[in-house]
Amino acid sequence: MLLIYQYQEVRSQQEKDTLHTARALVQAVDSHLLRGQALAQGLSTADSLTNGEFARFHNRAGEAIARFDFGINIVLRDKTGQLILNTSVAYGEPLPRQPYREHVQKVFETGKPAVSNLFMAPQLKRPIVSVDVPVVLDGGVLYSLGVGLEPRHFNAMLKNQNLPSGWIAAILDSSGTIVGRNHTPEQFVGNKATPKLLQAIMNNAEGTLESTTQEGALVLTAYSRSPSTNWGVAIGIPNRALKDTLKQRLFLLVAGVTTLFGIGLVLAWVMGGRIARSVTALTAPAISLGRGDTVRIPQVDIKEALEVASEISRAADLLKERSTTIQAREAELAEAHRLAKLGTWHWNLKTGEIEVSNSIREIYGREVPPFPDQRGTLLTVESWEHVNAALQQVMQSGAGYDLELQVNHGKGHVIWVNAKCEPVRNDQNELAALYGTVQDITENKAHEQALRDSEHQAREAARRAEAERSRLDAVLEATPVGIVVANASGVILQSNAAHRELWGANQPLSKSTEDYVEWKGWWADGSTKHGQRVAPHEWPIARALAGIEAPHDIIEIEPFNTPLFHRIVLMSAAPVRNTEGKIIGGVLAQLDITARVKAEEALRQADRRKDEFLAMLAHELRNPLAPIAAAADLLGLGQLDAGRVNEISTIIARQAQHMTSLVDDLLDVSRVTRGRVALDMQNLDAKQIVADATEQVRPLCDARRHRLTVHVPHEPALVTGDLKRLVQVMTNLLNNAAKFTPEGGEIDLSVEIEGGEVIMSVADNGIGMDPGLVRHAFELFAQGERTPDRSQGGLGIGLALVKSLVELHAGTITAYSEGLGKGSRFTVRIPRMQEQTDLSKRGQPSEEKPAPAKTLNVMVVDDNTDAAKMLAMFIEALGHNVFVEHSSVKALEQARVKVPDVFLLDIGLPEMDGNELAGHLRAQPETSRAVLVAVTGYGQEQDRDNALAAGFDHHFVKPVATAKLAALLIQLANS
């Protein structure tokens, strides 16, 4: 029976110990997951994340992973499941949209952290666990931020536990999947727990059972599950190891019992006779001494018995004498115990009897039950477990314990006690009893807790202060405004990156405001001090320290590392005062406004050039209007012969063409600079380009008696480009040379081949340009000094147009002049075409257009009566029938009656614009097949596209090119 009992006790204890280890491991796993949660929560409040600076947050998150050596990656996703960043891939790489996992959905629904089960990470291609926390912005969960943990973290945790050899431990997620294992994790991580263990751990928080491992071995398994994460830990003890342990303990028990039995037999045989006689003789006196009665010494024959009897008599006297003293001291000790809230106890291990002092009952406020009955009654469960474990240790090692325990007081509240235990050994050095003390330390614990709370609050306050300081430092470093903090003497205590960038490195260590003389600055505020050096006491921070306001000072500074590059800075300073109002320091804010000042100056210059351009445009438009108005007056007299009328008509056409040319230039600039011009790219010889340009400018050169020299190479200088536009470029440059060179000057036009480029240059010995004009020569509206008679200068758009056209051909243009009066040179470089191409067909004259085969019916619709009348007269002169309408509504009605072949429509009609009218004409059967021609002042590319989209067949810009219109009508009459 003893062996069976001992076997059961040992096995039960083994189960309890293993279960206790499983509980401890569960707490360690929770702690590990909480560490990941803390890392994620710390990152979730980062400024870069809340400000949406994901690239900077990606870097910070990666640094956090590397610095703490914890986790494998950090992932940020939004409510749609779209991954925003993943530190395991470079920022900016495309990331997929993934369906919600259960734990992520929980984060968005509850706003609380959540732990995933083991899953396969798409980017990492290996299993991980994710600890996710909410990122709360504007009162709502905007993102989910997760820290990924690999199984290797949990494997290492188990290996560090130093479990006995052969024991198998595993960490399971809430689904029962193995996340970590101390044996062959690479083989079994990701598998489900065995069915028997899975069912047990899903149904119970903890327990033990007989089961099998993943390898199929029989084990005694203790398991425990975390109430917060539902993760669990299972520890399996192989049956063979368990049996070996039990056999060893039973063997020791049998050997001990046998040994004790043998020793008892020998001692009884040797000592029995003599001891029996002596004991028999002294039995009565000994009993009396033990009871405290009067001792009568018997007559004995042997010396030893006589001596014992005498000693018994003296002991009886001494015992009586000291009895009173002991009673008094016991009373004093009991009072001392009561005052100190201290009690004692004694546990006879042989009899199982426990003696406790009265003071223990007063401490507990109740009777003390046997130890097994104290669990959950006298002692809290946790405290009972501590005592039980300590007692087991005492029994095994013989060492005492010192514990702090929670006790359920008889009056219903919980108290803290300090329980100590010391072993008591007999003469054979065997553990015979346990002796201990119990002291009420509730007040001490309250004081300690108050102290801990105070220390915690102090640490939290210090942590918050440090966090605020760090946050302020980060804001200070990140702000683009230069910040300086100085003490009351002017010593710079702190500055940010923007200040260091503004002033450069190697800044002087100023010990007072007088040392500010080393800082160089000049007033740039446009006041009477503008341009003067800023004195040491005038710097804004010095004035703030002196109690003088310094809200907005504009100063031109000279940085220490780049003294030749000055900056314009807006400075504001304010004093820092203590609670008594005394100035203890100052703060300076500096904003670099160099770019803004330059931009404002550029805007002023552009505005000036715009005003000059408008004035010159008005001048240029009045020039052709004057002869046109005079010609109209002459025609109104009605007394002119046919020759004079023809001459006047020629003048009007020439001046109208000049005005058209001005307007076309303006439209060209708009189209080209906006990239809306379409190039007719073909293979060209630059020699033909300069020949066509020379032909156009020759009359002007002859009129001003210039000598024009042309230099071209013998071999073809082939380029790919638009002939019309490249001739326009060279013509513009030659016209400028002719205009800005005094009469009788020299103009040199050359074509060269240099490497992979064809170079066309125009040089003159004219008025030249100053360096300022050379820098801005190709800007819109840029012009040199003007003369009142306008003999020099133009609208300031020609060179801007030239530059844009050259760049459209992948070329470059540069201007050069040695100064005023020293001429100018403009050089155009175009990529050379390497392949030879047959250019013989270019420039062949077109066949003459035949005369119209039939008379067309043409309707002109324009709310401008004069324009409509003149256009109708021109069409009648071509031999066609014309109908004129000034209202779009009436034109639509008349069109159904007269059914014209061709409509010439103005776009800007009042009742219904030309585009809408065109749509109606296309919709009605009578005019659906008519030819629609837009005749409008809207000449932009977009205007042309809009007209064609509305149903027009052709688009003409006012003033109409009559030759082109006549050719179109001939073509329509013949078709």
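Modeller: A term to begin with: a crossing of helices is left-handed if the near helix is turned anticlockwise from the far one by less than a right angle, and right-handed if clockwise. This is a predicted model, in which local features need pLDDT of at least 70 and side-chain atom pairs count only at pLDDT 80 or more, while totals for chains, interfaces and linings use all residues. Residues are numbered from 1 along each chain as its sequence is written, and side-chain values use heavy atoms, with hydrogens and water left out.

Biologist: Is the crossing of helix 23 and helix 24 left-handed or right-handed?

Modeller: Helices (H or I, at least four residues) and strands (E, at least two) are DSSP runs, numbered from the N terminus. Helix 23 covers residues 914-923 and helix 24 covers residues 941-950. Their crossing is right-handed.

Biologist: At what angle do helix 23 and helix 24 pack?

Modeller: Axes are lines fitted to C-alpha atoms, for helices over the stretch in contact, and angles run from 0 to 180 degrees between N-to-C directions. The axes of helix 23 and helix 24 are 8 Å apart, and the packing angle is about 20 degrees. Angles under 35 degrees count as roughly parallel, over 145 as roughly antiparallel, 65 to 115 as roughly perpendicular and the rest as oblique. Helix 23 is therefore roughly parallel to helix 24, at about 20 degrees.

Biologist: In the open sheet of six strands, what is the order?

Modeller: Two strands pair if DSSP finds at least two bridges between them. Here the pairing is antiparallel, in the order 18-17-22-21-20-19.

Biologist: Which strands stand at the edges of that sheet?

Modeller: Look for strands with a single partner. One side of each has no neighbour in the sheet, because these are the edge strands: strand 18 (492-495) and strand 19 (521-523).

Biologist: Which residue stands opposite Ala486 in strand 22?

Modeller: Strand 17 (residues 482-487) and strand 22 (residues 583-592) run antiparallel and are joined by six bridges. Opposite Ala486 stands Gly586.

Biologist: How many aromatic pairs does a search of the whole structure find?

Modeller: Rings of Phe, Tyr and Trp (its six-membered ring) pair if their centres lie within 6.5 Å; planes under 30 degrees apart count as stacked, over 60 as edge-to-face and the rest as tilted. The search finds eight.

Biologist: How many residues apart in sequence are the parts tied together by Trp503 and Phe560?

Modeller: This pair is tilted, at 5.8 Å centre to centre and 35 degrees between the planes. Trp503 lies in helix 13 (residues 497-503), and Phe560 in the loop between strand 20 (550-557) and strand 21 (567-577). The parts are therefore separated by 57 residues.

Biologist: Is Phe560 buried or partly exposed?

Modeller: Buried means under 20% relative accessible area, exposed over 50%, partly exposed in between (1.4 Å probe, protein chains only). Trp503, at 1%, counts as buried. Phe560 is at 26%, so the term is partly exposed.

Biologist: Which residues form one aromatic cluster with Trp503 and Phe560?

Modeller: The cluster takes in two further Trp residues.

Biologist: Which residue lies over the face of Trp523?

Modeller: A charge sits over a ring if NZ of Lys or CZ of Arg is within 6 Å of the ring centre and within 35 degrees of the ring normal. The charged end of Lys445 sits over the ring of Trp416, 4.3 Å from its centre. Over Trp523, at 3.8 Å from the ring centre, lies Lys529.
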